[in-house]
Amino acid sequence: MGGLGEKTLSVADVIQSRRTIFNFKLEKPEREEIEEVLAFGIWAPNHRLTEPWRFTIIGEGKKRVLAERYREIQVEKVVEYADEQQQINVGQKGYDKFMSKPVIVAVSYVKSGNDFEQREDYAATCCAIQNIQLVAWSRGIGMQWSTGPITREVETNTLLGISHEEEIIGFLYTGYPAEIPKARRKLFSELFRVTD
Ligand SMILES: Cc1cc2nc3c(=O)[nH]c(=O)nc-3n(C[C@H](O)[C@H](O)[C@H](O)COP(=O)(O)O)c2cc1C
């Protein structure tokens with residue numbers, strides 16, 4: 001499988017080189033390829049094999065509705081101090097930003113069982129998301145995992161036909177990277193200990 005550029009990347013290389021992508025090229029990955037990548041999510045580890053993950057590719061019509069809501073959210077953030085024209089500009093910038101994400105996937109999990117079981121299912125679905133991000137990256141596709149307010153509003157579940165028994169863990173903004181941000185991490189040695 002071709003990685004970013006031409007060469008094949010090892011799993012370790014994929015893990016280390018993957019970055020969250022905020023700016024995408026206009027060209028959209030093919031639907032078939034997105035589905036192939038998402039399908040790797042189901043191979044995540046999962047206690048009691050509840051298979052709690054659900055994947056929803058957001059179509060263009062619903063994306064526009066969400067972008068309008070995103071516009072409102074951005075305006076709500078500045079409404080106290082921005083004048084009317086500034087609010088319009090901020091809103092338009094928000095709308096354009098949302099629409100610039102070539103493909104958007106909502107990843108949710110089915111909330112069932114007690115608190116601990118739900119926590120484990122949430123964790124498993126986060127593992128599924130990382131599987132997806134890594135396979136995508138190995139194919140030259142970048143993602144941003146977003147947990148912004150729009151992903152947490154009940155109306156978003158309703159709009160996307162996602163059951164209210166499910167909780168959206170994030171949107172995956174997906175496409176070909178236009179820009180790859182620099183990596184930022186502490187040294188592992190600062191975060192590591194051994195006990196006797
Ligand atoms: C659970 C989770 C939620 C995230 N939500 C957001 C978000 O709402 N907005 C955002 O810009 N990045 C979000 N990110 C991406 C992080 O900002 C990103 O992983 C971090 O900056 C490290 O960059 P890297 O992924 O390139 O290593 C999220 C990541 C995780 C794991």
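**A chat about the chain, its helices and its ligand**

Guide: The protein chain here has 6 helices and 4 strands. Helices (H or I, at least four residues) and strands (E, at least two) are DSSP runs, numbered from the N terminus. This is a predicted model: local features need pLDDT of at least 70, side-chain atom pairs count only at pLDDT 80 or more, and totals for chains, interfaces and linings use all residues. Residue numbers start from 1 along each chain as its sequence is written.

Visitor: In what order do the elements of the protein chain run from the N terminus?

Guide: They go α-α-β-α-α-β-α-β-α-β. The C-alpha atoms fill a box of roughly 60 × 45 × 40 Å, taken along the principal axes.

Visitor: What percentage of the 196 residues is buried?

Guide: Buried residues make up 28%. A residue is buried if 20 or more other C-beta atoms lie within 10 Å of its own, exposed if 12 or fewer, and partly exposed in between, with C-beta atoms placed from the backbone.

Visitor: Okay, pick a residue. Is Phe 55 buried or exposed?

Guide: Phe 55 counts as buried because 20 other C-beta atoms lie within 10 Å. Phe 55 sits in strand β1, residues 53-57.

Visitor: And which residues does Phe 55 touch?

Guide: Leaving out residues up to four places away in sequence, Phe 55 touches Leu 38, Gly 41, Val 105 and Val 107. Contact means that the two C-beta atoms, placed from the backbone, lie within 7 Å.

Visitor: Let's switch to helices. At what angle do α3 and α4 pack?

Guide: Helix α3 (residues 60-78) and helix α4 (residues 84-99) pack at about 140 degrees, with their axes 8 Å apart. The axes are lines fitted to C-alpha atoms, for helices over the stretch in contact, and angles run from 0 to 180 degrees between N-to-C directions. That makes α3 oblique to α4. Angles under 35 degrees count as roughly parallel, over 145 as roughly antiparallel, 65 to 115 as roughly perpendicular and the rest as oblique.

Visitor: What kinds of residues form the contact of α3 with α4?

Guide: They divide into 9 nonpolar, 5 polar and 2 charged. Ala, Val, Leu, Ile, Met, Phe, Trp, Tyr, Cys and Pro count as nonpolar, Asp, Glu, Lys and Arg as charged, and the others, Gly among them, as polar. On the α3 side, the residues include Leu 66, Tyr 70 and Val 78, and on the α4 side they include Val 90, Tyr 95 and Met 99.

Visitor: Where is Lys 63 found?

Guide: Lys 63 is in helix α3 too. Lys 63 is partly exposed, since 16 C-beta neighbours fall inside 10 Å. Lys 63 and Met 99 are 36 residues apart along the chain, and their C-alpha atoms are separated by 7.3 Å.

Visitor: New topic: which residues are around the ligand?

Guide: They are Arg 19, Thr 20, Gln 144, Trp 145, Ser 146, Thr 147, Gly 148, Gly 170 and Pro 181. A residue is near a molecule if its C-beta atom, placed from the backbone, lies within 6 Å of it. The shell divides into 2 nonpolar, 6 polar and 1 charged. Its largest share, 3 residues, comes from strand β3 (residues 142-146).

Visitor: Last one: what is phi of Arg 48?

Guide: Phi of Arg 48 is near 65 degrees, a positive value in a residue other than glycine. Most residues other than glycine have a negative phi. Arg 48 is in the loop between α2 (31-38) and β1, and it is exposed, with 11 other C-beta atoms within 10 Å. Glu 51 lies in the loop between α2 and β1, and its phi is near 45 degrees, also positive.
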